[in-house]
Amino acid sequence: MNNFGEKLKMLREQNDITQEKVSKKLNVTRQSVCNWENNKNYPDLTTLVTLSQLYNISLDDLLKDENNVVKSMKTELNSYRSSELIKLIIFSVLAFLLPINRYCIWHSFALY
């Protein structure tokens with residue numbers, strides 16, 4: 001196997017699935033599947049997990065010897081970490097403020 005794209009194409013063909021069917025199962029365009037198979041870009045992490053399930057192959061086997069894909073995943077994970085941290089902080093603040101706000105509104109009505 002020369003590259004990740006060829007591996008994806010081989011797995012798709014072994015499972016007798018068209019690019020169109022793969023794209024529908026993954027909620028992506030057919031062009032995205034074509035780009036992955038031609039090594040123009042790589043699927044994101046969640047899509048890789050879904051592909052491994054679709055083709056009934058472990059992520060380890062799917063990514064074996066695929067350094068470029070792994071580097072792409074590391075970059076994606078690093079971006080998640082900072083954005084997820086921001087989301088967590090915002091969610092935590094909202095989770096704290098919303099019950100207080102409801103309590104204040106409820107008690108202001110109860111006083112009248």
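How many of the 112 residues of the chain, as a percentage, count as buried? Here are some notes from a friendly reader.

1. The answer to the opening question is 27% of the 112 residues. Please keep in mind throughout that this is a predicted model. The accessible surface of the chain comes to about 8,200 Å², and carbon and sulfur atoms hold 57% of that surface.

2. On confidence, the chain averages a pLDDT of 79, with 71% of the residues scoring at least 70. Among the elements of the chain, α3 has the highest mean pLDDT, 96, while helix α6 (residues 67–110) has the lowest, 64. Where pLDDT is low, the predicted coordinates should not be read in detail.

3. Next, the overall fold. The chain has six helices and zero strands, so its elements read α-α-α-α-α-α from the N terminus on. Taking the contacts in the chain with a separation of 6 or more, 59% are between residues 24 or more positions apart.

4. The largest nonpolar core has 15 residues. Those with the most contacts inside this core are Phe4, Leu8, Val22, Leu51, Tyr55 and Leu62. At least two core residues come from each of α1, α2, α3, α4 and α5 (59–63), and α1 gives the largest share, three residues.

5. Leaving aside its neighbours within four places in sequence, Leu8 is in contact with Trp36, Glu37, Leu51, Tyr55 and Leu62.

6. Helix α3 (residues 30–37) deserves a point of its own. Just after α3, Asn39 takes a positive phi of about 55°.

7. Which side chains meet in a salt bridge? The structure holds one salt bridge, and its partners are Arg12 and Glu37, at 2.6 Å from N to O. The pair links distant parts of the chain, with Arg12 in helix α1 and Glu37 in helix α3, 25 residues apart. Both Arg12 and Glu37 are buried.

8. Is Ser52 buried or exposed? Ser52 has its place in helix α4 and counts as buried because its relative accessibility is 7%, under the 20% cut-off. Leaving aside its neighbours within four places in sequence, Ser52 is in contact with Ile57, Ser58, Leu59 and Leu62. The C-alpha atoms of Ser52 and Leu62 are separated by 6.8 Å, and these two residues are 10 residues apart along the chain.

9. Gln14 lies in helix α1 (residues 4–14) and is classed as exposed because its relative accessible area is 57%, over the 50% cut-off.

Methods
Residues numbered from 1 in each chain as written. Predicted model: local features only at pLDDT ≥ 70, side-chain atom pairs only at ≥ 80, totals over all residues. Heavy atoms only, no water. Helix = DSSP H or I, 4+ residues; strand = E, 2+ residues; numbered from the N terminus. Buried < 20%, exposed > 50% of the residue type's maximum accessible area, 1.4 Å probe, protein only. Salt bridge = Lys/Arg side-chain N within 4 Å of Asp/Glu carboxyl O. Contact = heavy atoms within 4.5 Å. Areas by Shrake-Rupley, 256 points an atom, 1.4 Å probe, with all protein chains shown as cover. pLDDT = per-residue confidence, 0-100. Core = buried A, V, L, I, M, F, W, Y, C linked by side-chain atoms within 4.5 Å.
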